[in-house]
Amino acid sequence: MKVVYFLVAILALTSTVVSAYDPSPLQDFCVAAKEKDGVFVNGKFCKDPKLVKAEDFFKHVEPANTANPLGSQVTPVFVDQLPGLNTLGISLARIDYAPKGLNPPHTHPRGTEILIVLEGTLYVGFVTSNQDGNRLFTKVLNKGDVFVFPIGLIHFQLNVGYGNAVAIAGLSSQNPGTITIANALFKANPPISPEVLTKAFQVDKSTIDYLQKQSWYDNNN
């Protein structure tokens with residue numbers, strides 16, 4: 001009987017782990033169709049396979065303009081930009097950095113990220129969970145170097161070279177999501193109560209008021 005309970009526990013654990021990622025497709029492809037008004041699904045509706053074209057699986061990505069407060073710009077190629085990614089469990093993004101440009105601390109709640117540097121030098125890192133003591137793992141990456149940011153963990157990239165930098169990030173979800181930490185805390189809509197933030201950061205209200213009045217740039221648009 002103990003063996004049966006053990007097997008049930010293993011199956012339950014396995015199903016939990018599997019369900020934490022994008023489901024496997026049940027057909028060759030499921031090109032995303034536009035949602036019907038007022039109807040949402042976990043993913044996208046499938047386009048009629050007979051109406052699918054090569055363009056549904058294609059997108060051209062240009063270098064992005066980095067003339068912004070962060071000096072970086074992310075060009076996502078997620079399912080919203082490339083319908084053919086629907087149900088396939090992958091996506092990517094191109095990240096352009098001006099000298100000293102920063103892709104600020106952020107997290108992808110639904111995907112692990114693997115990043116390769118195509119040009120320049122980046123200082124990258126991620127922070128582990130509270131249970132692991134919030135350890136910081138960092139590395140300086142040069143052209144051709146690859147680094148992995150585990151799913152859900154806060155991470156960043158800073159251009160520490162003298163010229164522009166370019167990286168490509170692969171993600172383990174068709175829609176990994178992005179939460180930029182500063183924007184989420186100080187640009188929430190409606191705003192988070194200053195009482196919450198002053199207590200959390202152990203600072204006075206004037207500091208929080210100042211931070212909430214800043215125009216936090218979103219480099220993922």
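In which strand is V148 found? V148 lies in strand β9, where strands (E, at least two residues) and helices (H or I, at least four) are DSSP runs numbered from the N terminus. The structure is a predicted model, in which local features need pLDDT of at least 70 and side-chain atom pairs count only at pLDDT 80 or more, while totals for chains, interfaces and linings use all residues. Residues are numbered from 1 along each chain as its sequence is written, and side-chain values use heavy atoms, with hydrogens and water left out.

V148 is partly exposed because its relative accessible area is 39%; buried means under 20%, exposed over 50%, and partly exposed in between (1.4 Å probe, protein chains only). Together with I114, I116, L118 and V146, V148 makes a nonpolar surface patch of about 380 Å². Such patches are made of residues with over 30% relative accessible area and no salt bridge, nonpolar side chains (Val, Leu, Ile, Met, Phe, Trp, Tyr) being joined within 5 Å and like charges within 9 Å. A salt bridge is a side-chain nitrogen of Lys or Arg within 4 Å of a carboxyl oxygen of Asp or Glu. Areas come from the Shrake-Rupley method with a 1.4 Å probe, and for residues only the protein chains shown count as cover. At least two patch residues come from each of β6 (113-119) and β9 (146-149), and β6 gives the largest share, 3 residues.

An open sheet of 5 strands has the order β8-β7-β10-β5-β12, with antiparallel pairing. At its edges stand β8 (136-141) and β12 (179-180), each of which pairs on one side only. Two strands pair if DSSP finds at least two bridges between them. Strand β7 (residues 122-127) is joined to β8 by 6 bridges in the antiparallel sense, and L122 has L141 in β8 as its bridge partner. Strand β5 (residues 102-107) runs antiparallel to β10 (residues 154-159), with 3 bridges; here L102 is opposite L158. Another 2 bridges join β5 to β12, also antiparallel, and H106 is opposite T180.

N103 also lies in β5 and is buried, because its relative accessible area is 4%. In an unreviewed UniProt entry, the annotation "binding site" covers N103, H108 and E113. The lining of the largest cavity includes N103, H108 and E113. On a 1 Å grid over the protein atoms alone, a cavity is a set of points where a 1.4 Å probe fits but cannot get out, and lining residues have an atom within 4 Å of a point. UniProt positions follow the numbering used here, feature names are shortened, and annotations may be inferred rather than shown by experiment.

Conventions
On a 1 Å grid over the protein atoms alone, a cavity is a set of points where a 1.4 Å probe fits but cannot get out, and a pocket is an open set with protein on both sides within 12 Å along at least five of seven lines; lining residues have an atom within 4 Å of a point.
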